[in-house]
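Biologist: I should like to go through the terms applied to this model, with the criterion behind each one. Please set every value against its definition.

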Amino acid sequence: MIKIAPSILSADFANLERDIGRISTADYVHVDVMDGLFVPNITIGIPVVKAIRPTTQLPLDVHLMIVRPLRYVEAFCDAGADLITIHVESDTEENLHAAIDKIHAKGKKAGIVLKPATPAEAVLPFLEKVELILVMTVEPGFGGQSFMADQMPKVSAIRALIDQHNPGCELEVDGGVAPDTCRACIEAGANVLVAGSAVYKAADIPGRIAQLRG
Ligand code: DX5
Ligand code: ZN
């Protein structure tokens, strides 16, 4: 079963509770955290995660686009994140392992994210200890960009690695996922699709969530 994780980056920030309510048929709430350093944009942080936590029963999928996430993962867990993903490009391998260990010590799920230029093999040091791998299908930083179909071979390669080494691990894609691109992601082996603008710009949001499941 394909899971949908709407990104609240495309929600109305003045009406977050209302807009999170509108995605109640989804599987995760995807929260894009940007620090203005790892990516050239600043979005939302720990107080907002804490504020939205009581507004939904859905798990919070917190995508950290920040440098040295080790500094903040425990605070995001305490704020109510259920799953935290950290970029493989954001710190040393040693510090990324330490961040994953901190997330697990809080009883939460951890994931590794790859930017478009990062090869599939970058997941190997982490593959057996994470609950999710996220492949970016846009350059991280902004919603509403065009889907990068050239990432599909990487998704397929990571699907093969997951099936071989950690079959319970989820495989998520993020960026430009819409009704015309979701099938390619599913066929390549993704089982969780993030979608921001495709969900929040839809007139019928539950209908769009159902459509994206393929
Ligand atoms: C981009 C973010 C995405 C973004 C997706 O850096 O990680 O989650 O919100 O937005 P769409 O679906 O509009 O490409
Ligand atoms: Zn994201």
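This is a predicted model: local features need pLDDT of at least 70, side-chain atom pairs count only at pLDDT 80 or more; totals for chains, interfaces and linings use all residues.

Biologist: What makes a residue a donor of the zinc ion (ligand 2), and which protein residues are donors?

Modeller: Donors are N, O and S atoms within 2.8 Å of the metal (3.2 Å for Na, K and Ca); water is not among the atoms, so sites may look incomplete. H30 (NE2), D32 (OD), H63 (ND1) and D174 (OD) lie 2.0 to 2.3 Å from the zinc ion (ligand 2) and are its protein donors. Along the chain, their spacing reads H-x1-D-x30-H-x110-D.

Biologist: Why is the site of the zinc ion (ligand 2) called octahedral?

Modeller: Six donors count as octahedral if opposite donors are over 155 degrees apart and all others between 65 and 115. The zinc ion (ligand 2) has six donor atoms with angles of 70 to 169° among them, and its site is classed as octahedral. For reference, the ideal angles for six octahedral donors are 90 or 180 degrees.

Biologist: How do you know whether D32 and D174 are buried or exposed?

Modeller: Buried means under 20% relative accessible area, exposed over 50%, and partly exposed in between (1.4 Å probe, protein chains only). D32 has a relative accessible area of 6% and is therefore buried; D174, at 8%, is therefore buried as well. H30 is also buried.

Biologist: Which residues does D174 touch beyond its sequence neighbours, and where does D174 lie?

Modeller: D174 lies in strand β7; helices (H or I, at least four residues) and strands (E, at least two) are DSSP runs, numbered from the N terminus. Contact means heavy atoms within 4.5 Å. Leaving aside neighbours within four places in sequence, the contacts of D174 include L134, M136 and V194. V194 is 20 residues away along the chain, with a C-alpha separation of 4.8 Å.

Biologist: How do you know that the length of α5 agrees with its residue count?

Modeller: The expected span of a helix is 1.5 Å times one less than its number of residues. The 14 residues of α5 should span 20 Å, and the end C-alpha atoms are 20 Å apart, so the two values agree. Its buried residues, among them V155, I158 and L161, pack against β5 (109-114), β6 (132-136), β7 (170-174) and α6 (182-188).

Biologist: What makes a group of residues a nonpolar core, and how many residues has the largest one?

Modeller: A nonpolar core is a set of buried Ala, Val, Leu, Ile, Met, Phe, Trp, Tyr and Cys residues joined through side-chain atoms within 4.5 Å. The largest has 66 residues, and I8, I84, I133 and L193 have the most contacts inside it. Its largest share, five residues, comes from helix α5 (residues 152-165). Another core, of 10 residues, lies apart from it and includes Y28, V113, M136 and V194.

Biologist: Why is N191 called buried, whereas R68 and T25 are called partly exposed?

Modeller: N191 has 16% relative accessibility and therefore counts as buried. R68, at 44%, and T25, at 40%, therefore count as partly exposed. N191 lies in the loop between α6 and β8 (192-195), and its side chain is joined to that of E170 by a polar contact of 2.9 Å. R68 is in the loop between β3 (60-65) and α3 (73-79), and its phi is near 50°, a positive value in a residue other than glycine.

Key: Residues are numbered from 1 along each chain as its sequence is written. Chains are lettered from A and ligands numbered from 1 in the order in which they are written. Side-chain values use heavy atoms; hydrogens and water are left out. Four donors count as tetrahedral if all angles lie between 85 and 135 degrees; four count as square planar and six as octahedral if opposite donors are over 155 degrees apart and all others between 65 and 115; anything else is irregular. A polar contact is a pair of N or O atoms within 3.5 Å; within protein, one must be able to donate a hydrogen and the other to accept it, and residues adjacent in sequence count only if both atoms are side-chain atoms.
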